[in-house]
Amino acid sequence: MKNNKTTTGARRSKRFVGSVMAASIASVGAFVLMPTAANAADDATWDALAECESGGDWSINTGNGYYGGLQFSLPTWEANGGTGNPADASRAEQIRVAENVLATQGWGAWPSCSAQIGATGDAEPRGETPQPNNEQPAPEQPATEAPATEQPQAEAPAYDLPDVEASDETYTVKEGDTLIEIAEAKDIDSSWLGIFAVNQEEISNPDLIEVGQELVLPKA
């Protein structure tokens, strides 16, 4: 990283640092895994660093091998996620790449200027730092059934059943039969009520008889 305000010796030292960084990157191999910047500086820090490095000119390109406001060497720029020439990149893009450099190299990547502006140690997080989500999922509540509404039980109609006895004769219910029709067909004196009276264990509702059901007929 270049500093227009430093001495020639400082510039040589800075190029030496850039060369060390480039050599370190080259030793990793063809594939470089880019870390995410864990710590990022605020805008005022980057602006102060750029003021020291390049006079605050984010598009500076003097042909000395260092480019942009933060004076990136091309190997450092590309190894930390930059594309093209740093001098052509926006201020925001240069800061983004610089945060990656900061994460891997620390402020030593800008040795002279970082010391001049006092940018040492961990940087302040840039923007809002995601906070851990300490919210616990609400315990699953057992499904609460709505209280069952009691339905009034329909009372069975009261029948005035005749006092009759069962005979030995039976009748098998056919499709479409009713007790009334059976009583008429069999000429039952006590009518359908007589059939119902002697079949109460088989018939709970005189309006509901089943095909194939065998009914006992009452005595005449």
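Trainee: Which residues touch the most other members of the largest nonpolar core?
Mentor: Of its 20 residues, Trp-46, Leu-49, Leu-70, Phe-72, Ala-98, Trp-107 and Trp-110 touch the most other members. A nonpolar core is a set of buried Ala, Val, Leu, Ile, Met, Phe, Trp, Tyr and Cys residues joined through side-chain atoms within 4.5 Å. Buried means under 20% relative accessible area, exposed over 50%, and partly exposed in between, with a 1.4 Å probe and protein chains only.

Trainee: Which element supplies the largest share of this core?
Mentor: Helix α4 does, with five residues. Both α2 and α4 supply at least two residues each. Helices (H or I, at least four residues) and strands (E, at least two) are DSSP runs, numbered from the N terminus.

Trainee: What else is there in the way of cores?
Mentor: There is a second, separate core of 12 residues, which includes Tyr-171, Val-173, Ile-203 and Leu-217.

Trainee: Before we go on, what kind of model is this, and what was counted?
Mentor: The model is predicted: local features need pLDDT of at least 70 and side-chain atom pairs count only at pLDDT 80 or more, while totals for chains, interfaces and linings use all residues. Residues are numbered from 1 along each chain as its sequence is written, and side-chain values use heavy atoms, with hydrogens and water left out.

Trainee: Back to α2 and α4, then. At what angle do they pack?
Mentor: Helix α2 (residues 43-54) and helix α4 (residues 91-105) pack at about 95°, and their axes are 11 Å apart. The axes are lines fitted to C-alpha atoms, for helices over the stretch in contact, and angles run from 0 to 180 degrees between N-to-C directions. The two helices are therefore roughly perpendicular to each other, a label for 65 to 115 degrees, whereas under 35 counts as roughly parallel, over 145 as roughly antiparallel and the rest as oblique.

Trainee: Which residues meet there?
Mentor: Asp-43, Trp-46 and Asp-47 in α2 meet Arg-91, Ile-95, Ala-98, Glu-99 and Leu-102 in α4, where contact means heavy atoms within 4.5 Å. Four residues of this contact are nonpolar, none is polar and four are charged. Here Ala, Val, Leu, Ile, Met, Phe, Trp, Tyr, Cys and Pro count as nonpolar, Asp, Glu, Lys and Arg as charged, and the others, Gly among them, as polar.

Trainee: How many aromatic pairs are there?
Mentor: The count comes to five. Rings of Phe, Tyr and Trp (its six-membered ring) pair if their centres lie within 6.5 Å; planes under 30 degrees apart count as stacked, over 60 as edge-to-face and the rest as tilted. In one of the pairs, the rings of Trp-46 and Trp-110 have centres 5.6 Å apart and planes at 75°, so the pair is edge-to-face.

Trainee: Where do those two tryptophans lie?
Mentor: Trp-46 lies in helix α2 and Trp-110 in the loop between α4 and α5 (111-117), so the pair ties together parts 64 residues apart in sequence. Ring pairs also link Trp-46, Trp-107 and Trp-110 into a cluster.

Trainee: Is Trp-46 buried or exposed?
Mentor: Trp-46 counts as buried, because its relative accessibility is 0%.

Trainee: A new topic: which residues of α7 are buried?
Mentor: In α7 (residues 191-198), Gly-194, Ile-195, Phe-196, Ala-197 and Val-198 are buried. The buried residues of α7 pack against β1 (166-172), α6 (179-185) and β2 (214-218).
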